[in-house]
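Subject: Structure handover

Hello,

Here is the structure for you to look over. My notes on it follow below.

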Amino acid sequence: MRLTRRSSMFRIIVLVVVVSVIFAAALAVSAQSNITRTLSEELFVVEDTTHEYGGTTNKPLTPSGNGEWTLSSAVNAPNATFGSTAVWTGSEMIVWGGQTNTGGTNQGGRYLPSTDTWLSTNTTGAPAARFGHVAVWTGREMLVWGSIASNLNDGGAYNPSADQWRPITTTNAPPPSYGGYKAIWTGHEMLVWGVRVSQGGLYDPSTDAWRSITFTNAPVPVPAGYSPPTLALVWTGDEAIAFYSLSETSQTSGGRYDPRTDTWRPMSLVNAPLVEYKAAVTWTGREMAVYGGVDADGYPGPNIGASYNPRADAWTAIPTGPALGGTALMVWTGTDIITLGCSFYNRVSGRYDPNSKLWIPIPTGACGPTPEVGVWTGSEFLAWGPGGGGTALRYTPPSQSNMTLSASADTYLAQGQPTSAFGSETLLWAGYDPQFKYYTERVLAHFPVAIPGRATVTQATAFLYLYGYSTGAAPMNMTAYRATAPWSEGSTWQTSSNSYNTALGSTISVGTAFGWYGWDVTNIAQAWQSGTPNYGLMFTGNESGARNERVFIAREAGTTSTAYLSVTYADPFYASDTTAPTASVAGLSALQPAPVPLSIVWSGSDQGRGVQFFDVQVSDNNGSWTDWYAWAVGASAPFTGQGGHTYCFRARARDYAGNVGSWTTTSRCTSFYADTLTGQVVDQRHAPVVEASLSISPVPVATQFDPFSGRYFTYLVNSQPHQVSISQPNYGVPPTATVDVGATSRYDVVLQPFDNLIQNANFELPLSTGWITSGTLPIASSTSRHSGDFAVALNSDATAASGSATLGQSVTLPVDDRPQILSFMYALSTTAPLSQGGLSVAVEVSDTTTSVFTTTAPCLDWCHQWIDLSAWQGQSITLTFTLDQANGEGLRVDLDEVTLGTWLTPLVQQVTPVRLDAYATSVITLTGENFLAEPLVLLNGLPISTTWLSTTTLTATVPNTLTFGAYSVQVQNPSSHRGAWSQRLIVGHQTYLPIMSKNAP
């Protein structure tokens, strides 16, 4: 006979119908005793029990292995209160404040989970009693501020190491706000923000100072007359995300705030959740998760939520999970979100894996403490609140977990009824039935495996409960295979009988003993875990010959004896993790302009659950290390330094297991400068001076000086005047220059010849020394100098309508075949375009005057001019500098550093060839100017054989000992003056080898 089978056969006897009704009634009334199996002795043997089906044989594995909640010690614990706060310091949970039966309190406690002990917090200097305040941990202090009900906007900072409080300034602090604030720690500042009037502020504990937060583009304030909604406030490492949801008006609002620029930008609200009051909020390192809450009457709202990804600016729904109630908490462990709530005195909790989007059940129970605040310690979730007698709830996720998953769907398929569906029946049939023409029968069962994607399945066993078997049947081998296609309880033999994989299976012998039979399906569960679609299991048995059937209880029977899957898995992220994370600071530019911010970037790695926080310290001018960012979520921040200071940075990381890494041993340093000064060291003919000495005071942050071109680039401590002195043994030294850096960024130094014929060439003596003045326009010493303390100004007041001013000096040039060069610095300014006149230089011999230079072009900064006077060698001449002005053009000329002497610097313009073979004797030709007889050619400062051909041409022999490389080329005149080629001589040639490949035959 067939029990409770809906038969389509023509041969149905009344007795079968009666038995079917009796069995269905027995399943519906589980407590009914002595169920009669009238036909058990004819066709089937069925289990005889006076209990609910499955009551005589317990399940081999009950739900366990998902961790447990325990209670902390209550000795010396503070009174549990509403509206308190909690922070985790890395070794202890500090709870403070809250509402007692008599009002607020300013007491608190420090819980050390390592020893399960409580210590009290000092009340001396503590803020006034309050509840509904905010608190954050800075790495050194707990900052407490504000109050939701006490109309307070003050607070204090508590140092647990010293057990001492200090006040927090109220200057520029945000005003009190009904509805309260939420607070986050940015790594450098405490950011507080409210929703009632969209207001907030940033507090820097290192300076004890507040700064305001702009309201422009901030989230829309909550309408008046409504209770404060859930305010989600998290820190991403770069910005704060503020979001609220007011289900009473179906209103959501939010924004993203950057404290570095004090700006808000919008966030998407598409698919944002309409969560209820007191929803739980956490930051997962990538997303802000918002979930749960209670309605306006205090009842648990829809257990819904969503996560917001700021990079994608998009919301993703969180699957339905536990109904947390009005005291919802969530913490992020680095891998999971652990939730905790208390709803109608029952503890509600769960673990949510955002990667696989699965809820993992964890134990529930009585609330104990009603959770108000909670922290993640690195290994456990600590929750604190009223109702627990001062104890805290503790939950440690296990590294090895067991899950018992009841079948979400089951049915059987019958070959003889190929189009019939049996998913609504209370029994499952397997084996072979030729008598009633069902023939081959197979069972399908699906189990919703919810295991974190990172976990490893170590054991999986599928269980069916044997309720009956055909009379006289022999033991039957049955195999559990992996189903390979979707099916439902409406599936038939025709649609689903062959959708299974015979490569993965487990076979056992099912005898005649009633109770549970288990199949090892570990390899199938592991396949599911690795990404193979989970379509459940197909159970097959004897499929030919005589009648041999096994009957199992289906989930439609409504008993505890229905199919289930027991899975044991190892979670590597909750295994014992004692390996500390590592950190590094990215390389920095050696120099940074002040006050331009410099981006400091750090990173970390961890072998376990990942890096949670960073600590970053800075050292100023090799001073002690001080905290810059502490317990920071982000990986970069701008740093603004002071000119003349060198700052070094180091970092360490903290992982989600609570391990703290070591400080980086390689610190990254940068020097800030306030301004720059550039220039070139040249001689009287503006040829580069080789290997000069540069001295600048105050000493620059850094100096780049090319000894061959004479060019320098300095990074200055500040923008105040600097003294510049440059010398070279073969040249005369001009007076030290005082450069007004704020007005100029360039200063060229013109070194003077040793045989300078000009008296008082730098105008540092009274003007009457050596110089003769004439003309109608005034001439006077001037402090607008190029070097030293003075220069001379022609038309010094620049007010006369017209006229001229002449400055002259008589000298005798020597008889010499070397060039005689006149050199001077001048500045020319005018209040109107010059129509005529300007600055001119003339050489007067006897009654003959020759103009050698004229200009009307303005030169507001100092310009260098040189003139070759070799044509007057051996003659006595008078040099005159003349300013001519007409029509009141406001012309003024300043002169400084006037020299006349022998030019001894060789000028190298070209070297050929520019590339030589290595280890080969070669000849190079140098062309240029002022190659005096018997010069030397030097390669990298070492002389080589030189042949002088003329003042413009040399040849030199390069020895065969030179190795590959680039060599500087200099020419040294007999006077020891040197000149350098602006390029480098390359020794050796690059050779390119062809790429050859061999084709396979």
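For the charge count, Lys and Arg are taken as positive and Asp and Glu as negative, while His and the chain ends are left out. On that basis the protein chain carries 45 positive and 68 negative side chains. The centres of the two sets lie 14 Å apart. Please keep in mind that this is a predicted model.

Overall build

The protein chain has 3 helices and 78 strands. Its radius of gyration is 46 Å, well over the 30 Å that the globule rule gives for 1001 residues, so the chain is more spread out than a compact globule. The C-alpha trace spans about 155 × 90 × 55 Å along its principal axes. Of the 1001 residues, 54% count as buried. The accessible surface is about 41400 Å². Carbon and sulfur atoms hold 51% of that surface. Among contacts with a separation of 6 or more, 66% are between residues 24 or more positions apart.

Salt bridges

Side chains of opposite charge can pair when their charged atoms come close. The cut-off here is a side-chain nitrogen of Lys or Arg within 4 Å of a carboxyl oxygen of Asp or Glu. The count comes to 22 salt bridges. Some of them are set out here.

Arg130 and Asp154 meet at 2.8 Å, N to O. They link distant parts of the chain, 24 residues apart. Arg130 sits in the loop between strand 8 (117-120) and strand 9 (134-137). Asp154 sits in the loop between strand 10 (142-145) and strand 11 (155-159). Arg130 is buried, at a relative accessible area of 0%. Asp154 is partly exposed, at 25%.

Asp615 and Arg652 form a salt bridge at 2.9 Å, N to O. Asp615 is in strand 47 (residues 611-620) and Arg652 in strand 50 (residues 646-655), so the pair ties together parts 37 residues apart in sequence. Asp615 is buried at 5% relative accessibility. Arg652 is partly exposed, with 21%.

Arg685 pairs with Glu929, and their closest N and O atoms are 2.9 Å apart. Arg685 counts as buried at 14% relative accessibility. Glu929 is partly exposed at 26%.

There is also a network of salt bridges. It links Glu239, Arg256, Arg265 and Asp313.

Helix 3

How many residues of helix 3 are buried? The number is 6 of its 8, so helix 3 (residues 522-529) is mostly covered. The buried ones are Thr522, Ile524, Ala525, Ala527, Trp528 and Gln529. They pack against several strands, including strand 37 (456-470), strand 38 (476-483) and strand 39 (500-510). Strand 40 (515-520), strand 41 (537-540) and strand 43 (564-570) are packed against as well. Gly531 follows helix 3 and has a positive phi, near 120°.

Backbone points to check

Most residues other than glycine have a negative phi, and most peptide bonds are trans. The residues below depart from that.

- Ser697 and Pro698 are joined by a cis peptide bond, with omega about 0°. Pro698 is in the loop between strand 53 and strand 54 (702-705).
- Thr912 and Pro913 are joined by a cis peptide bond, with omega about -10°. Pro913 is in the loop between strand 69 (907-912) and strand 70 (915-916).
- Asn760 has a positive phi, near 50°. Asn760 lies in the loop between strand 58 (749-750) and strand 59 (772-775), and is buried at 11% relative accessibility.
- Asn940 has a positive phi of about 50° and is not a glycine. Asn940 lies in the loop between strand 72 and strand 73 (942-950), and is partly exposed at 45% relative accessibility.

Pro935

Pro935 is in the loop between strand 71 and strand 72 (936-939). Is Pro935 buried or exposed? Pro935 is buried, with a relative accessible area of 6%, which is under the 20% cut-off. Beyond its neighbours within four places in sequence, Pro935 is in contact with Thr946, Trp948, Leu954, Val971, Gln972, Asn973 and Pro974. The C-alpha atoms of Pro935 and Gly643 are separated by 46 Å, and the two residues are 292 apart along the chain.

Best regards

Key: Residues numbered from 1 in each chain as written. Predicted model: local features only at pLDDT ≥ 70, side-chain atom pairs only at ≥ 80, totals over all residues. Heavy atoms only, no water. Helix = DSSP H or I, 4+ residues; strand = E, 2+ residues; numbered from the N terminus. Rg over C-alpha atoms; globule rule 2.2 N^0.38 Å. Buried < 20%, exposed > 50% of the residue type's maximum accessible area, 1.4 Å probe, protein only. Contact = heavy atoms within 4.5 Å. Areas by Shrake-Rupley, 256 points an atom, 1.4 Å probe, with all protein chains shown as cover. Charge placed at Lys NZ, Arg CZ, Asp CG, Glu CD.
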